[in-house]
Amino acid sequence: MKENKKTLVRFNVQNIKYATPDATAPHGWAKPLPYGTATKMALESDSSVKKIFGDGRRLCAIVNDKGKTGTMSTNNVNDEYEIAMGRKKRLKNGLADIKQQQTVTHCIYFETCGVDEDGGRPVAKTWLYGVTSSRPSESFDQNTDDINESTFDTPLEIEGVPLKGANGAEWKDEKGNVVIVWQMTVTPDDEGYDTFGDEVVLPEMPDSQA
C-alpha cells in the first residue's frame, strides 16, 4: 500500500449506487446499481458518552456508539430502489406507494472529490454498510421567476458490519470485542481502488494482522 497524499479539501458527492442482499453472490451482495444524481450526503454519528462517578471523582467514561444516521439528497427518487426497499410496487395501472412492512439492510456507495497537497484532484470512494432507509420526503414547488427544482431527502440508518479476519471469521480486538465498521473509504493510492465501486467490498484486516 502506498502512502496517501494529504487531502486538504473535500467537496462534491457523486455516483451513488446501492447493493441489496443476494445469497447467491460470493460476498452476499448483489451487483451495485446506480441510484441517480446526488445533491448531498449528510452523515452524523449516533453516539453518547456515559460518565461514571464514585468517591467524588470520575471513575470512567463509557462510549455508547450506535452507528451513524444520515440523509441522502438526490435530484429525483429512484423507483427501483424504492421497490427494492418495499415502499413502492408496480401495479397493472401504475406505480403505487405501499405500506412498508419491513426494512431491507443494504449497502450504499458514493464518491467525493478533493484537492491534495500537490494540487491533484483525488476522488475518494466510500461504502456504507448495514444501511436501512425510510421513505424519502417529496416537495414540489410552483415556478415563480425561475424554475424551482425539487430535491428528495432519504433518511438513512447505518448499523455497520463486523470486521473480518482470517478465514472470514469476525475479527476481535485484544479485549475480545467484535469491531463494527460503519463505512470504508479508499483513495487512489489504496489497493483495489479502481474496482472498489464495482461490487461491495467488505472490510477485512490485513493478512499480517488477521
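This tour moves through the structure stop by stop, stating what to select and what is found there.

**Before starting**

The structure is a predicted model, in which local features need pLDDT of at least 70 and side-chain atom pairs count only at pLDDT 80 or more, while totals for chains, interfaces and linings use all residues. Residues are numbered from 1 along each chain as its sequence is written, and side-chain values use heavy atoms, with hydrogens and water left out.

**Stop 1: the whole chain**

Select the protein chain. Its C-alpha atoms fill a box of roughly 60 × 50 × 45 Å, taken along the principal axes. The chain contains one helix and 12 strands; helices (H or I, at least four residues) and strands (E, at least two) are DSSP runs, numbered from the N terminus. Following the sequence, the pattern is β-β-β-β-α-β-β-β-β-β-β-β-β.

Of the 210 residues in the chain, 32% are buried. Here buried means under 20% relative accessible area, exposed means over 50%, and partly exposed lies in between (1.4 Å probe, protein chains only). Among contacts (heavy atoms within 4.5 Å) between residues at least 6 apart in sequence, 60% join residues at least 24 apart.

**Stop 2**

Select Asn 15, in strand β1 (residues 7-19). Asn 15 is not a glycine, yet it has a positive phi of about 55 degrees. With a relative accessible area of 43%, Asn 15 is partly exposed.

Next, select Asp 55, in the loop between β3 (38-54) and β4 (57-74). Asp 55 also has a positive phi of about 55 degrees although it is not a glycine. Is Asp 55 buried or exposed? At 79% relative accessibility, Asp 55 counts as exposed.

**Stop 3: Leu 43**

Move to Leu 43, in strand β3. Leu 43 counts as partly exposed, at 28% relative accessibility. Leaving aside neighbours within four places in sequence, the residues in contact with Leu 43 are Thr 69, Gly 70, Phe 110, Leu 128, Ile 158 and Gln 183.

**Stop 4: Arg 87**

Select Arg 87, in the loop between α1 (79-84) and β5 (88-91). Is this residue, Arg 87, buried or exposed? Arg 87 is buried because its relative accessible area is 0%. Show the side chains of Arg 87 and Glu 82, which are joined by a polar contact of 2.7 Å. A polar contact is a pair of N or O atoms within 3.5 Å; within protein, one must be able to donate a hydrogen and the other to accept it, and residues adjacent in sequence count only if both atoms are side-chain atoms. Beyond four places in sequence, the contacts of Arg 87 include Tyr 81, Asp 97, Ser 133, Arg 135 and Thr 154.

**Stop 5**

Select strand β8 (residues 123-133): 10 of its 11 residues are buried, so the strand is largely enclosed by the rest of the structure. Two strands pair if DSSP finds at least two bridges between them.

- Strand β7 (residues 106-116) pairs with β8 in the antiparallel sense over seven bridges. Tyr 109 has Trp 127 in β8 as its bridge partner. The hairpin of β7 and β8 has six residues between the strands, and there Gly 119 takes a positive phi near 85 degrees.
- Strand β12 (residues 183-186) pairs with β8 in the antiparallel sense over four bridges. In β12, Met 184 is the bridge partner of Trp 127.
- Strand β9 (residues 152-158) pairs with β8 in the antiparallel sense over three bridges. In β9, Glu 157 is the bridge partner of Thr 132.

**Stop 6: the largest pocket**

Finally, select Met 184, Glu 191, Gly 192, Phe 196 and Val 201, which lie nearest the centre of the largest pocket among its 17 lining residues. On a 1 Å grid over the protein atoms alone, a pocket is an open set of points where a 1.4 Å probe fits, with protein on both sides within 12 Å along at least five of seven lines; lining residues have an atom within 4 Å of a point.

The volume of the largest pocket is about 560 Å³; grid points are joined across faces, edges and corners, and a volume is the space filled by probe spheres set on the points.
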